[in-house]
Amino acid sequence: MIVAQLDAVLFDLDGTLADTAPDLIDAVNRVRATLSLAPVAPGQVRPAVSKGARAMLGAGIPERPGAQIDELERFLAFYGETLNARTRLFPGVEAVLVAIENSGKPWAIVTNKPGYLTLPLLATLALDRRAAYVVNGDTLAVRKPDPAPVRHACEALGVAPARTVLIGDDRRDVDAARAAGVASIVAGWGYIDAGDDLASWGADAVVHEPADLIPLLGIG
């Protein structure tokens, strides 16, 4: 078990629970079309998905250095139109959620995605009524890697940080967890850049398949 007594599990959303990349990459390519640019391959944008909209635009429209700012509003509008078209839970994630629920422990989401995009997506994935709490990117004035959203989730669940774990696929998740006093696990199936040295992030564990979480969390 990752902590001596586990009371709750926190998850990042994009790249951890849900494979949102197809819809996000489609939105990037729709922006490119408005700029009379050809579509890019998914692999060009996918590693940037968990780093946020600006990072995706930077990776997806390198021809326009100012796209991270100039095209942000248009990108978010395009994504909002089709955010649930092809997004699905990663294979194996549903079994992990069921195991957590069967153990009687709550699970929650801590994402940097704004609420107006997060909440309809969770409803589409039928997670809105299962998650015990959701911290969106605009729930507080700060986002991960600031520890405040993680602490807020713990307070909302009524659990001690030392008895909680955060699972995510970005270094910001690990940094936020550490600063909040929460254990951390890297979701190696997520949007990891090929050059990332996951061991250097300082997480308590790195797993490469959702099924590996069940014994690690002691919920099997």
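Author: Contact here means heavy atoms within 4.5 Å. With neighbours within four places in sequence left aside, Gln68 is in contact with Arg54, Leu57 and Gly58. The model is a predicted one, in which local features need pLDDT of at least 70 and side-chain atom pairs count only at pLDDT 80 or more, while totals for chains, interfaces and linings use all residues. Residues are numbered from 1 along each chain as its sequence is written, and side-chain values use heavy atoms, with hydrogens and water left out.

Gln68 belongs to helix 4 (residues 67–70); helices (H or I, at least four residues) and strands (E, at least two) are DSSP runs, numbered from the N terminus. With a relative accessibility of 26%, Gln68 counts as partly exposed, a class that lies between buried (under 20% relative accessible area) and exposed (over 50%), taken with a 1.4 Å probe and protein chains only. From Gln68 to Gly80 there are twelve residues in sequence and, C-alpha to C-alpha, 17 Å in space.

We can now turn to helix 5. Two packed helices are described by the angle between their axes and the distance between the axes. Axes are lines fitted to C-alpha atoms, for helices over the stretch in contact, and angles run from 0 to 180 degrees between N-to-C directions. Helix 3 (residues 53–60) and helix 5 have axes that come within 10 Å and cross at roughly 100°, and the two helices are therefore roughly perpendicular to each other; angles under 35 degrees count as roughly parallel, over 145 as roughly antiparallel, 65 to 115 as roughly perpendicular and the rest as oblique. On the side of helix 3 the residues that meet helix 5 are Ala53, Arg54, Met56 and Leu57, and their partners in helix 5 are Leu72, Phe75 and Leu76.

Helix 1 (residues 21–34) also packs against helix 5 (residues 72–82), at an angle of about 130° and with the axes 8 Å apart, which makes helix 1 oblique to helix 5. In this contact, helix 1 contributes Asp23, Leu24, Ala27, Val28, Arg30, Val31 and Thr34, whereas helix 5 contributes Arg74, Phe75, Phe78, Tyr79, Glu81 and Thr82. Sorted by class, these are seven nonpolar, two polar and four charged residues, where Ala, Val, Leu, Ile, Met, Phe, Trp, Tyr, Cys and Pro count as nonpolar, Asp, Glu, Lys and Arg as charged, and the others, Gly among them, as polar.
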